[in-house]
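Dear colleague,

I am passing the structure below on to you, and after it I set out what I found when going through it. Please read the notes with the coordinates open beside them.

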Number of protein chains: 6
Amino acid sequence: MRPNNRANNEPRAIKITRNYTKHAEGSVLVEFGDTKVLCTASVDESVPRFLKGQGQGWVTAEYGMLPRSTHSRMQREAAKGKQGGRTMEIQRLIARSLRAMVDLEALGERSITLDCDVIQADGGTRTASITGACVALTDAIHTLVENGTLKTNPIKGLVAAISVGIVDGTPVCDLEYIEDSAAETDMNVVMLEDGRMIEVQGTAEGEPFSHEELLTLLDLAKQGCEHIFVAQREALNC
Amino acid sequence: MRPNNRANNEPRAIKITRNYTKHAEGSVLVEFGDTKVLCTASVDESVPRFLKGQGQGWVTAEYGMLPRSTHSRMQREAAKGKQGGRTMEIQRLIARSLRAMVDLEALGERSITLDCDVIQADGGTRTASITGACVALTDAIHTLVENGTLKTNPIKGLVAAISVGIVDGTPVCDLEYIEDSAAETDMNVVMLEDGRMIEVQGTAEGEPFSHEELLTLLDLAKQGCEHIFVAQREALNC
Amino acid sequence: MRPNNRANNEPRAIKITRNYTKHAEGSVLVEFGDTKVLCTASVDESVPRFLKGQGQGWVTAEYGMLPRSTHSRMQREAAKGKQGGRTMEIQRLIARSLRAMVDLEALGERSITLDCDVIQADGGTRTASITGACVALTDAIHTLVENGTLKTNPIKGLVAAISVGIVDGTPVCDLEYIEDSAAETDMNVVMLEDGRMIEVQGTAEGEPFSHEELLTLLDLAKQGCEHIFVAQREALNC
Amino acid sequence: MRPNNRANNEPRAIKITRNYTKHAEGSVLVEFGDTKVLCTASVDESVPRFLKGQGQGWVTAEYGMLPRSTHSRMQREAAKGKQGGRTMEIQRLIARSLRAMVDLEALGERSITLDCDVIQADGGTRTASITGACVALTDAIHTLVENGTLKTNPIKGLVAAISVGIVDGTPVCDLEYIEDSAAETDMNVVMLEDGRMIEVQGTAEGEPFSHEELLTLLDLAKQGCEHIFVAQREALNC
Amino acid sequence: MRPNNRANNEPRAIKITRNYTKHAEGSVLVEFGDTKVLCTASVDESVPRFLKGQGQGWVTAEYGMLPRSTHSRMQREAAKGKQGGRTMEIQRLIARSLRAMVDLEALGERSITLDCDVIQADGGTRTASITGACVALTDAIHTLVENGTLKTNPIKGLVAAISVGIVDGTPVCDLEYIEDSAAETDMNVVMLEDGRMIEVQGTAEGEPFSHEELLTLLDLAKQGCEHIFVAQREALNC
Amino acid sequence: MRPNNRANNEPRAIKITRNYTKHAEGSVLVEFGDTKVLCTASVDESVPRFLKGQGQGWVTAEYGMLPRSTHSRMQREAAKGKQGGRTMEIQRLIARSLRAMVDLEALGERSITLDCDVIQADGGTRTASITGACVALTDAIHTLVENGTLKTNPIKGLVAAISVGIVDGTPVCDLEYIEDSAAETDMNVVMLEDGRMIEVQGTAEGEPFSHEELLTLLDLAKQGCEHIFVAQREALNC
């Protein structure tokens with residue numbers, strides 16, 4: 001049995017709290033079970049240098065873990081003086097995923113930065129981050145639409161992300177930490193509402209995975225993302 | 001009038017939530033009005049090199065602000081590759097303050113790190129951090145006492161910290177951001193329950209302050225700290 | 001038509017030159033068309049601290065591009081003072097892929113570092129790196145077997161890697177730079193000789209990709225890897 | 001008895017040598033007993049970016065210790081690749097203190113940087129730095145007045161700084177190293193000629209300090225600063 | 001006897017391969033025996049800030065060693081986060097040497113960067129780098145002349161560099177690694193075709209060297225550089 | 001005429017003040033005209049890791065310039081976060097030069113660090129540094145001999161360093177800043193008392209230099225070093 005008697009295709013309880021902090025244009029606390037990530041969206045009326053004068057906007061992301069979000073304390077990256085490879089990999093993934101839901105030309109020459117900071121980690125922080133950042137980004141853009149900065153809404157749809165994996169030979173959806181650390185294969189899938197994919201990142205931590213296993217995992221991911229879209233739409237009342 | 005009709009000697013509503021996250025030996029969310037700081041205490045069964053073999057423990061602290069805890073987004077220190085001078089100054093202050101409440105010899109050769117991460121900033125983040133870290137540290141040490149690691153309790157008492165300052169010529173207690181940014185003088189006081197002081201840091205941002213003004217500020221700080229001790233004792237049921 | 005009239009499922013000419021430099025235990029120049037990467041394997045009779053005393057070895061990787069391996073000159077990472085996110089992501093991928101071909105316990109308490117340095121870039125540098133590093137690692141381990149350091153050969157099989165993608169709506173295998181920069185979807189697959197997978201990393205750069213497109217890409221990747229295994233075996237005379 | 005039979009309220013011999021080096025607009029060697037700090041003031045006809053176009057000037061400071069200014073050799077911060085927290089704290093203090101003596105609008109859009117480099121350390125380097133930098137800054141500004149760059153003198157008055165503390169239960173003024181390292185409480189006070197204060201930083205290194213002790217220390221600091229103002233005025237012939 | 005029976009005044013076989021990679025304006029693989037360095041010249045239509053608007057160009061250089069170009073693996077400077085002192089010293093030497101062969105005013109406001117990356121090291125990497133970079137720079141400038149960017153050729157002549165030294169009491173030319181590591185004195189000479197010198201850097205690693213030994217070494221260097229000029233002219237067909 | 005009517009072979013007034021600061025085992029202020037460098041020698045009873053257990057000692061050096069030692073203010077290297085190439089080059093030169101005067105085996109397993117910090121710069125800071133560090137190192141070693149730590153004196157002799165160069169076509173000795181910045185050729189020579197050389201570093205900043213010019217410069221350097229040895233012996237009373 002999985003922890004908490006979850007079915008193999010059952011994600012953890014997903015909770016999305018909007019307006020969690022007061023300064024950001026979008027601020028969302030997303031919870032996948034015990035994993036809790038604060039996702040804020042900050043609007044900046046400029047674009048990075050490589051985009052200056054090209055009539056389009058930009059969406060980027062940064063990711064961090066509070067030092068004691070994890071079981072044993074991690075060294076603070078600000079104190080170490082650099083972000084590790086895992087951090088960089090995750091924030092690049094979040095940024096690519098979020099850009100897929102926005103028409104950057106319709107956004108105009110402005111940037112939105114998604115900060116995803118893990119308050120408590122229990123597996124799946126990157127997929128929770130994408131899921132929560134999607135809602136924070138939506139809120140930030142709605143603000144721009146409502147205050148007339150944007151004439152048209154540049155949002156193309158929602159994105160959701162879920163981890164799936166093979167644990168003790170069994171494919172399961174939304175791994176928590178204890179499963180993740182024992183998984184033979186770990187895969188993160190980022191999906192649009194129509195089922196098309198933005199990212200598929202499958203890694204064999206132990207045993208390599210077969211084509212058939214890959215298909216099973218993709219199917220579980222699709223089911224998981226459908227749960228997430230429901231939670232996102234409920235949170236956004238749409 | 002002050003914002004929210006506060007009296008000049010009245011601190012903001014203080015809220016202390018213990019066990020806010022699940023991994024740390026002590027985990028406290030402290031709120032001074034809209035200022036919210038997550039303070040965790042992490043126990044490590046070793047000491048820094050300069051203390052090895054000296055039969056005493058250590059208490060240290062790190063401080064950070066989430067990038068969008070502030071009104072406009074601050075650059076992430078992990079991305080910049082270094083902690084700024086303000087961060088270093090604050091985390092050194094927190095550490096010194098917390099060491100004052102612990103008998104380091106009775107703690108034995110182990111370290112406790114207090115991580116104070118600002119979730120939302122509205123003035124007074126360093127004093128809120130000390131106040132919350134005091135409770136997190138108490139919880140962490142209680143754990144060590146309860147599980148038999150420590151035979152005697154090394155805690156000497158509580159510490160509280162409050163900011164006071166002169167705004168538009170009027171001395172006030174517990175400045176929120178809008179007051180802080182307009183203050184002529186800003187002073188942080190860290191106090192023990194018996195009224196003795198661990199730190200006094202007064203800075204004239206605009207006009208220099210007179211001896212009489214300093215006395216008035218110290219009196220306001222004493223009143224403010226008494227409020228905080230009540231809140232700490234309630235949170236700790238002691 | 002593709003550049004050089006390649007068929008959609010046809011990889012570029014693959015050339016593997018062993019013993020390219022004289023100091024390393026394994027030294028391979030791998031060429032995928034105009035992409036040229038020097039892959040060296042260096043044996044070190046120790047393991048990283050987190051593995052000390054656990055009776056197993058380690059395989060790691062570092063990746064770099066010579067500043068003018070690319071069309072316009074890139075800034076040297078050593079001069080910038082840090083490795084970028086893309087570099088970190090790639091070297092982590094190479095390391096995971098190579099570890100999959102080695103029985104780390106049979107390797108004993110020693111480390112092998114794969115350095116993959118791009119001499120000339122024309123798309124697919126990470127998949128060429130994995131392909132070449134596989135041969136360099138094999139050579140390094142053969143040395144350890146031949147000189148009696150290892151009693152049993154810890155190699156479990158070869159790994160190959162290929163990029164596939166959708167360019168102008170058409171799925172193609174082994175994208176060169178001009179195709180890569182125009183691709184809607186880009187996917188890297190790392191495979192074992194039995195067809196099972198170690199890594200699948202698919203990214204929609206433009207249009208999201210459907211389940212059917214993913215299946216087509218996986219099929220192209222399998223064909224591509226089979227070509228690579230032939231080239232590796234020829235180079236290794238096995 | 002104190003070292004050298006000093007009375008408790010007696011500062012060390014204070015010596016201020018102007019024009020100590022030849023390139024800087026202001027160059028002062030300040031000595032508080034065996035503590036020797038070279039303070040230079042450098043004028044730059046521009047302001048930091050955050051002040052551009054606001055019609056005001058800026059005063060900033062940097063602090064450093066020569067590696068063997070101390071009893072045992074300290075690691076060079078330039079070699080370590082970063083300034084430590086203590087350095088940052090001190091240079092921020094020096095800068096704030098010096099800004100208090102200048103009318104920044106009257107200074108116009110130019111910057112003055114005070115470099116305080118400790119040649120020999122024996123306690124009180126930060127207070128000696130402020131004291132010496134005050135004279136160097138005065139010299140630099142006089143140059144600007146004399147050569148007609150400034151029409152009016154933006155100097156509002158002198159600043160002096162002194163350390164006071166409680167050593168073996170006794171409050172004393174201007175601690176030298178052997179006293180400083182044994183002090184229960186250490187306090188630095190920065191004062192204007194009219195007795196008003198710019199900074200008060202009191203820290204209990206051992207025992208907390210009472211309100212009465214704080215008053216005694218403030219009184220000692222006032223007496224000490226009066227000595228310093230005399231020395232500054234003599235050095236400046238004013 | 002020297003390794004490979006070389007005469008004391010005999011340089012190793014020198015091989016210069018132009019157009020070694022395809023992207024750079026100049027790309028040369030230079031070999032001094034087993035020492036192999038890839039030298040590329042990259043043209044940039046701008047100059048560093050300190051030269052803006054002064055009507056002249058700039059030539060600069062960067063140097064690196066692949067981690068396993070050496071007998072045992074060196075740590076990658078990009079991973080360490082900084083370039084070492086030896087690297088900086090060498091790249092400054094290369095840049096100064098190359099600037100001596102170009103009329104910077106005739107080059108116009110553009111920069112050429114020489115990247116010298118050591119593929120395989122066996123002594124003399126800095127002199128090989130200068131020798132190869134001279135050819136790469138010549139090729140890059142010819143391109144600018146041929147495409148009409150430059151009206152006149154700013155090249156003043158060739159530069160060659162050779163190491164000489166005293167090994168076991170005997171002065172020899174072009175030390176390979178085994179000689180270099182045993183040399184009492186090591187000297188690098190950079191010369192123009194007319195025999196005048198740009199750089200002489202002699203270092204006594206063991207025994208100091210006398211005036212007479214210095215004269216002998218200079219004579220050997222002159223003979224060595226004459227060999228190199230022949231190889232450079234052959235490679236350039238001039 | 002040269003500045004101050006110096007003859008072409010005449011060094012500036014050289015002044016060596018021992019015991020300039022009180023903490024270091026050797027502390028020397030060396031002045032070559034207006035160039036002033038504080039050189040301290042610090043003894044450490046350990047050796048760098050690469051020398052552990054080899055029964056020999058080590059001598060190393062660090063170099064720095066105070067920010068306003070120069071005509072216009074230089075950025076502080078500690079604030080920039082790294083030492084520049086020029087600094088690294090100079091400190092490596094100082095260290096090599098000083099090691100040449102010590103029998104490292106006779107020194108035993110201990111290190112001496114020479115810190116050379118430029119108080120005021122007017123050309124020739126590296127040669128003044130070597131000259132002053134030689135005296136500071138001698139003092140530090142005498143202390144070890146006198147207190148019985150060392151049974152035999154490991155000093156082999158004095159080292160002196162001087163700059164020579166060609167200014168406006170004329171070879172001159174000991175260039176001050178105004179000459180140095182106009183020199184066509186600049187050469188630094190480090191010499192032992194018997195006239196043998198440890199370092200010769202000649203650089204053509206403008207015109208290349210001929211063999212004859214090199215001989216003239218070496219002769220000037222020899223004369224200059226003889227002056228310096230006299231000054232060193234006077235300072236050391238030997």
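**A buried glutamate in chain D**

In this predicted model, D:E77 is buried and yet forms no salt bridge, the nearest side chain of opposite charge being that of D:K80, at 5.3 Å. That separation rules out a salt bridge because the criterion asks for a side-chain nitrogen of Lys or Arg within 4 Å of a carboxyl oxygen. D:E77 belongs to helix α1 of chain D, which covers residues 77-80. If residues up to four places away in sequence are not counted, D:E77 touches D:K82, D:Q83, D:G84 and D:T87, and also F:A78 of chain F.

**The annotated binding site in chain A**

An unreviewed UniProt entry carries a "binding site" annotation, which covers A:R86, A:G124, A:T125 and A:R126. These residues are spread over 41 residues of sequence, but they cluster in space, with a largest C-alpha distance of 13.3 Å.

Two of them I looked at in more detail. A:G124 is placed in the loop that lies between β5 (111-120) and α4 (125-146) of chain A, whereas A:R126 lies in helix α4 itself. Is A:G124 buried or exposed? Its relative accessibility is 15%, and it therefore counts as buried; A:R126, at 19%, counts as buried as well. Neighbours within four places in sequence left aside, A:G124 is in contact with A:R12, A:T35 and A:L175.

Chain A contains an open sheet of five strands, in the order β1-β2-β3-β5-β4 and with mixed pairing. At its edges stand β1 (14-18) and β4 (58-65), each of which has a single partner strand, so that one side of each is left without a neighbour in the sheet. On average, and with direction ignored, neighbouring strands of this sheet are turned by 20° against each other.

Within the sheet, β2 (residues 26-32) and β3 (residues 35-44) of chain A pair in the antiparallel sense over seven bridges, and A:L29 stands opposite A:L38 in β3(A). Helix α2 of chain A (residues 85-99) packs on the sheet, where it touches β4 and β5, and its direction makes about 145° with that of β4(A). Helix α6 of chain A (residues 211-236), for its part, lies across β1 and β2 and runs at about 25° to β1(A).

With best regards

How values were computed: Residues numbered from 1 in each chain as written. Chains lettered and ligands numbered in written order. Predicted model: local features only at pLDDT ≥ 70, side-chain atom pairs only at ≥ 80, totals over all residues. Heavy atoms only, no water. UniProt positions renumbered as here; feature names shortened; annotations may be inferred. Helix = DSSP H or I, 4+ residues; strand = E, 2+ residues; numbered from the N terminus. Buried < 20%, exposed > 50% of the residue type's maximum accessible area, 1.4 Å probe, protein only. Contact = heavy atoms within 4.5 Å. Lys, Arg positive; Asp, Glu negative; His and termini not counted. Pairing = 2+ DSSP bridges. Axes fitted to C-alpha atoms, helices over the stretch in contact; angles between N-to-C directions.
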